[in-house]
Each structure stands twice: as C-alpha cells, then as structure tokens.
Amino acid sequence: MFTAIFGSFEAGIIYAIMALGVYLSFRILDFPDLTVDGSFVTGAAISAVLIANGVNPFLATITALIAGFAAGCMTGLLHTFGKINNLLSGILMMIALYSINLRIMGRANIPLLNTDTAFTKIGDLFEKWGIDSFFNQILTKVGLGDSLPETWGILIFMIIVTFVIKFLTDLFLQTEIGLAIRATGDNKRMIRSLSANTNILVVLGLGLSNALVAFSGALIAQQGGFADVGMGIGMIVIGLASVIIGEALFGTKTMARTTLAVIGGSIIYRIVVTLALRAEFMSPGDMKLITAIIVIIALTAPKIIDASKEKKRKARRKAERMNLIQASAQGKGDNHAALKSDS
C-alpha cells in the first residue's frame, strides 16, 4: 500500500505542473483549451526523441517547454486573429498536434527504459549522496522495510521544481502583464477600454499554459520510461479534476492559496485513482471512468452542500421570524390583559 501511495504522490506532483497550466487557461483566461491533450504529448514526444538521440535530458525538457509554448500561441492566434471560436480553436490545434506528434516521433511509441533521463541522473545523484539510504533506514525503523521505493530523488526533485513553478506563477500573476491577463479573463471589454491589447494577452496566456503542460508531459515520459502518441487522451479532464478538487477542498481566497490548492488537488486525484484501481472489481481500463466520476462528484458535491446549507439558513430564518411573531403576539396579549386589569 505504501509503495502505491508513494507512486501516486510522485505522479501527482508531476501532473500538478500540467494542472497549473490548465488553471491558467481555464480559470485565469476563462478559455476551455483542449490543446492540452495534444501539447502534453508534444512535450513527451520532443523530449523522448531528443533523449533517445543523446541530447542532455534537461535540455530536452526545456525544449519541450518551448514547443508547448509555441503550440499554445498557435491556439491563441487561431482564436484571436483567425476569429475562430475558443473551443473549436483548441480542438483544431489538438487534432493538428496528433499528426505533428507522429511526425516528431516517427512512430507511435518511443521507449526510454535504457537511456539516461533527468530522473535517472537525479536518482544516481541521490544514491551517491546517501539520501536514499537515509530515508529507507527511517522507513525500515517504522516497519515499512518491505515497501521501500526505488529512489526518493524523483519525489524530492519534483517537489522543488513544482513549487518553484508555483511561486514563479504567483509572482507573474502579480505583475502588470499578469494582472492584465487576469483582467482579460474576467472582463475583456473593461480591459480593452484601458487600451490593452487583449489578443496578445490571450496568446501569451495560452502559450504559458501549454508550456507548463508540455513540460509536465516531458517529465511524465521520463518517469514512465516511454512516450506514446495516445498518452494525452483525456488530459484536459484530469487537469480540470485537479483544479476543481483543489478549489473545493482548499479554497480560493488568494492567488497563492489557489495555486497551492491546484497542486494539492492533483496529488489527491492521483491517490484516489490509485486506491480505486486497487479494488478487485476495477481494472486499469476503468481509469477514464473513475476520472469522470471524480469530476462529476467534484462538480456536484459543492452545489449540493451549498443548497443544503441554504435550506438550513432559510429554515433558521423562518424559525426566528415565527419566534418574533409569537413573542410580539404574547407581548400584545400581556399588555391587553394589563389594561383590562387596570380598568
């Protein structure tokens, strides 16, 4: 069980970068960007091809990020300058990226099992420094010696990387350009009245969103040891699930809290899916169904809870009004009785 939870936490922190990208487009820009399903694979494909050809894995990952930025910008250009509906522009780019990704890879799948990736280098470094043995000794002492992970390097490294991206995102959204992008998502007419070019802001926002998505795809390919042309199917739903779950559980009072909630939502989503798949009647093929059910629950549960609270508030107000009416009637009755007794 510990190994399964550890693996889901590790995957969740990597997918959290993708969820942050979905948050930028879905919440900040109010743009339902389906490019995510394609740009995720683009990041994985480019990093896998470059690593397989001997390129430094860290450089390959940065290249994937740049390619994702380009894909997002193309979606933005289709919508802003091509005057195509936002949903349709994302679908068109997603379809185009499927063929582009096949061109990049040259085949449907590229294995990375026997190559040096960013994570194998990090794992070797942690083993050399004795960090893995230190944590494994602690687990052995608490009785988890039979569930030792292969390396702690990926988890610790990705926690650092994800939170650096989170803080950079928070800082960017507080800058003048970041505030303009947020205002564009809230009210385009208002920001246009201030002479801001909303078209460029939308293109930039979508570019940054898909850059994070492609970056996450590159890391997932290196963690899983392969890049596949179909690995991005349903990625937008996973990203939305992470965003919605995080917002429902942790709140959205401040920008920093919201981005932290997105990360937490991604981790919780992965843990829930892992635990669900461990049930005897579930199979790996049910993962998409589980994702859909989680999203449905995350969307409907807050509304049901709010409706229940509102119903209780109305009942409480009604009871208070009835008490006031009864108290008022009782007071009038006492006054009337007093007047009769005086007379």
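**Annotated spans, overall form and charged side chains**

An unreviewed UniProt entry annotates "transmembrane region" at residues 6–26, 58–78, 85–104, 152–173, 194–220, 226–246, 258–277 and 289–308; such annotations may be inferred rather than shown by experiment. The model is predicted: local features need pLDDT of at least 70 and side-chain atom pairs pLDDT 80 or more, whereas totals for chains, interfaces and linings use all residues. Residues are numbered from 1 along each chain as its sequence is written, and side-chain values use heavy atoms, without hydrogens and water.

The protein has 13 helices and two strands, taken as DSSP runs (H or I, at least four residues; E, at least two). Residues 58–78 are 100% helix and 0% strand, with end C-alpha atoms 31 Å apart. Residues 226–246 are 57% helix and 14% strand, and their end C-alpha atoms lie 29 Å apart.

Along the principal axes, the C-alpha atoms fill a box of roughly 110 × 60 × 40 Å.

Side chains of opposite charge can pair when their charged atoms come close. The structure holds three salt bridges, each a side-chain nitrogen of Lys or Arg within 4 Å of a carboxyl oxygen of Asp or Glu. One of them joins Glu-247 to Arg-27, with the closest N and O atoms 2.6 Å apart. This pair links distant parts of the chain, 220 residues apart: Glu-247 lies in helix α11 (residues 235–250) and Arg-27 in helix α1 (residues 2–28).
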